[in-house]
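Have the sequence and the 3D view open side by side for this short tour.

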Amino acid sequence: MSSVVPAYAPDAAGRLSGLSDVTASDSALRRFLHGLPGVDAVGLEARAAALGTRSIKTTAKAYAIDLAISMIDLTTLEGADTAGKVRALCAKGVRPDPTDRGTPQVAAICVYPDMVAVAKEALGDSGIHVASVATGFPAGRVARDVKLADTRDAVAAGADEIDMVIDRGAFLSGRYMEVFEEIRAVKAACAREDGSGSAHLKVIFENGELSTYDNIRRCSWLAMLAGADFIKT
């Protein structure tokens with residue numbers, strides 16, 4: 001299961017809008033991101049290690065397992081994906097354990113943009129959402145107009161959520177405003193043409209390529225300032 005954090009607490013959008021001046025220029029954004037407090041790597045890793053030793057027992061364990069299942073994005077992202085494989089995955093998402101009708105269904109099915117329509121049809125009125133990776137996932141090494149077209153195609157096909165990857169090369173080169181503007185552009189492309197709303201935008205960082213905790217913190221702030229609905233570390 002992925003580690004996904006809502007970008008906004010109920011009142012956070014207002015607080016972030018008050019920081020609009022930090023995105024007014026490349027230099028202002030750089031000053032803000034590099035002015036953030038450093039991450040205590042030792043403390044962070046110690047806390048993570050402690051959390052990993054905790055165990056959940058008895059009825060609380062069953063509840064935790066059901067909760068985890070209900071939050072999963074059941075995913076297939078392979079070059080060999082077929083409509084049949086996506087339909088089978090959707091059926092598994094609706095009923096993860098055929099022997100236990102009490103097992104909750106998953107939160108979403110995640111597929112490439114060309115399989116969104118297949119997933120939407122297979123899921124019907126189940127209430128399970130369809131998420132779609134876009135923007136040249138997973139490398140993100142395509143032109144911006146291609147990334148935006150990829151996003152619009154997925155939304156037009158019915159995607160409830162778009163999962164984009166940031167341009168790690170631009171971020172690591174210090175081109176923060178370029179990354180910010182690209183997230184903003186993808187967020188705008190998530191709007192439905194009929195005006196009925198917008199797909200949620202999840203921004204994926206690929207932490208393993210960001211190298212440091214300080215970079216992850218900077219990237220998190222950058223994505224939230226740009227309007228991400230969720231950030232995925």
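## Val-203 and its contacts

Let us begin with Val-203. Leaving aside its neighbours within four places in sequence, Val-203 is in contact with Met-164, Ile-166, Ile-183, Ala-223, Ala-228, Phe-230, Ile-231 and Lys-232, where contact means heavy atoms within 4.5 Å.

Before going on, please note that this is a predicted model, in which local features need pLDDT of at least 70 and side-chain atom pairs count only at pLDDT 80 or more, while totals for chains, interfaces and linings use all residues. Residues are numbered from 1 along each chain as its sequence is written, and side-chain values use heavy atoms, with hydrogens and water left out.

## The largest nonpolar core

Which residues touch the most other members of the largest nonpolar core? They are Ile-109, Ile-162, Ile-183 and Val-203, out of 52 residues in that core. Helix α9 gives the most to this core, with 7 residues. A nonpolar core here is a set of buried Ala, Val, Leu, Ile, Met, Phe, Trp, Tyr and Cys residues joined through side-chain atoms within 4.5 Å. Buried means under 20% relative accessible area, exposed over 50%, and partly exposed in between, with a 1.4 Å probe and protein chains only.

## Helix α9

Helix α9 covers residues 176-189, 14 residues in total, and reaches 20 Å from its first C-alpha to its last. That is close to the 20 Å expected at 1.5 Å a residue, the expected span being 1.5 Å times one less than the number of residues. Helices (H or I, at least four residues) and strands (E, at least two) are DSSP runs, numbered from the N terminus.

The buried residues of α9 are Tyr-176, Met-177, Val-179, Phe-180, Glu-182, Ile-183, Val-186 and Ala-189. Among the elements that cover them are α2 (26-34), α7 (144-156), β5 (161-165) and β6 (200-204). Ala-188 also lies in α9, but this residue is exposed, with a relative accessible area of 54%. Ala-188 and Arg-152 are 36 residues apart in sequence, and their C-alpha atoms are 9.5 Å apart in space.

## Where α2 meets α9

Helices α2 and α9 pack at an angle of about 100 degrees, with their axes 9 Å apart. That makes α2 roughly perpendicular to α9, a term for angles of 65 to 115 degrees. Axes are lines fitted to C-alpha atoms, for helices over the stretch in contact, and angles run from 0 to 180 degrees between N-to-C directions.

From α2, the contact is made by Asp-26, Leu-29, Arg-30, Leu-33 and His-34, and from α9 by Tyr-176, Met-177 and Phe-180.

## Backbone points to check

Most residues other than glycine have a negative phi, and most peptide bonds are trans. With that in mind, look at the loop between β4 (129-133) and α7, where Pro-138 lies. The peptide bond from Phe-137 to Pro-138 is cis, with omega near 0 degrees. Thr-135 lies in the loop between β4 and α7 and has a positive phi of about 60 degrees although it is not a glycine.

Ser-211, in the loop between α10 and α11, has a positive phi near 75 degrees. Are these two residues buried or exposed? Thr-135 counts as buried, at 0% relative accessibility, whereas Ser-211 is exposed, with a relative accessible area of 64%.

Note on methods
Angles under 35 degrees count as roughly parallel, over 145 as roughly antiparallel, 65 to 115 as roughly perpendicular and the rest as oblique.
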